[in-house]
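Student: I would like to learn how to read a single residue in its setting, and then the chain around it. Could we go through an example together?

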Amino acid sequence: MSDTPAHSAPAHRKLSDFAAEEERRVLSLRPVLAPEHHAYGEHPDQVYDLWPAGNPDAPLVVLLHGGYWRYDRTHLTPFAAHLAQNGFTTVLPGFRRMGGAGGCPETFDDIALLVDTVPAGRPYVLAGHCSGGHLALWAAARGLLPGNSPWFTAAGLPTAVLALAPITDLAGTIRERLSNDAGLELIGPAERVGSLLPLVDPLTMLRGRGTTGVPTVVLYGEADEELPHEQFTAYAAVHTDAELVALPGAGHYTLIEPGSEASVSVVGTLARMTAA
């Protein structure tokens with residue numbers, strides 16, 4: 001786990017000093033070694049870190065990392081450990097990523113395999129940050145896929161989904177060329193984007209449906225400069241029973257900064273969702 005996301009805003013977008021410092025501060029946190037490591041598949045990337053909460057009845061959170069589908073999970077280990085300290089048994093998985101063995105379909109194959117096997121029938125909240133939020137929302141929408149899709153399932157869906165500053169609109173991500181064309185790199189080449197969006201893009205999958213049937217919260221910082229805020233608001237407008245929460249003064253990365261004011265809201269939201 002050695003790849004750490006560098007500055008990822010598009011070249012035509014200039015971050016403020018606030019956003020640049022937030023990114024530097026959070027992404028430079030010392031990684032935290034998990035007490036347990038397991039595999040959920042045969043590929044070397046199909047592994048996960050586990051932080052038990054110390055209580056066998058503790059609620060389970062499966063946490064998907066961001067980094068525009070390119071970077072590994074190292075930067076999210078401090079937050080995974082923080083969740084365990086706050087009473088959540090926390091799973092932080094790896095999966096095949098772009099620049100290596102991942103992309104479409106491999107990244108989606110891994111997420112489907114992960115959530116179909118690791119919870120082992122136990123209720124769980126699926127959470128994700130940025131591109132991990134995209135994957136979490138996608139996993140919760142697998143019941144909307146065509147029945148002949150290898151990713152379709154009507155069972156074993158998350159109890160709830162918490163999407164933290166998520167990428168929800170791959171078409172918009174590609175159109176705005178976010179993070180040096182990360183969206184196109186994920187599902188390209190360009191000629192197959194149109195056929196794949198109904199299978200891998202949460203916003204496209206929801207159009208005409210209105211809901212995934214999975215309780216969903218989209219939480220973001222009002223000072224987020226990493227993603228256009230339409231990524232959050234447009235999804236909530238289509239997902240008619242999703243809850244949209246904006247945190248005043250919070251940026252993109254403070255949501256996953258242990259002990260930050262924004263992280264207190266994240267922990268509180270998880271507690272409410274797991275209690276429900």
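Student: In which strand does V62 lie?

Tutor: Bear in mind that this is a predicted model. In it, V62 belongs to strand 3, which covers residues 60-64.

Student: With which residues is V62 in contact, once its neighbours within four places in sequence are left aside?

Tutor: Setting those neighbours aside, V62 is in contact with V91, L114 and the run Y124, V125, L126 and A127. As for L184, which is 122 residues from V62 in sequence, the C-alpha atoms of the two are 26 Å apart in space.

Student: How many helices and strands are there in the chain?

Tutor: The chain holds ten helices and eight strands. Its radius of gyration, 17 Å, is close to the 19 Å that the globule rule gives for 276 residues, so the chain is as compact as a globular protein of that length. The C-alpha trace spans about 50 × 45 × 35 Å along its principal axes.

Student: What share of the residues of the chain count as buried, and what share of the contacts join residues at least 24 apart?

Tutor: Of the 276 residues, 57% count as buried, and among contacts between residues at least 6 apart in sequence, 77% join residues at least 24 apart. The accessible surface comes to about 11,000 Å², with 54% of that area belonging to carbon and sulfur atoms.

Key. Residues numbered from 1 in each chain as written. Predicted model: local features only at pLDDT ≥ 70, side-chain atom pairs only at ≥ 80, totals over all residues. Heavy atoms only, no water. Helix = DSSP H or I, 4+ residues; strand = E, 2+ residues; numbered from the N terminus. Contact = heavy atoms within 4.5 Å. Rg over C-alpha atoms; globule rule 2.2 N^0.38 Å. Buried < 20%, exposed > 50% of the residue type's maximum accessible area, 1.4 Å probe, protein only. Areas by Shrake-Rupley, 256 points an atom, 1.4 Å probe, with all protein chains shown as cover.
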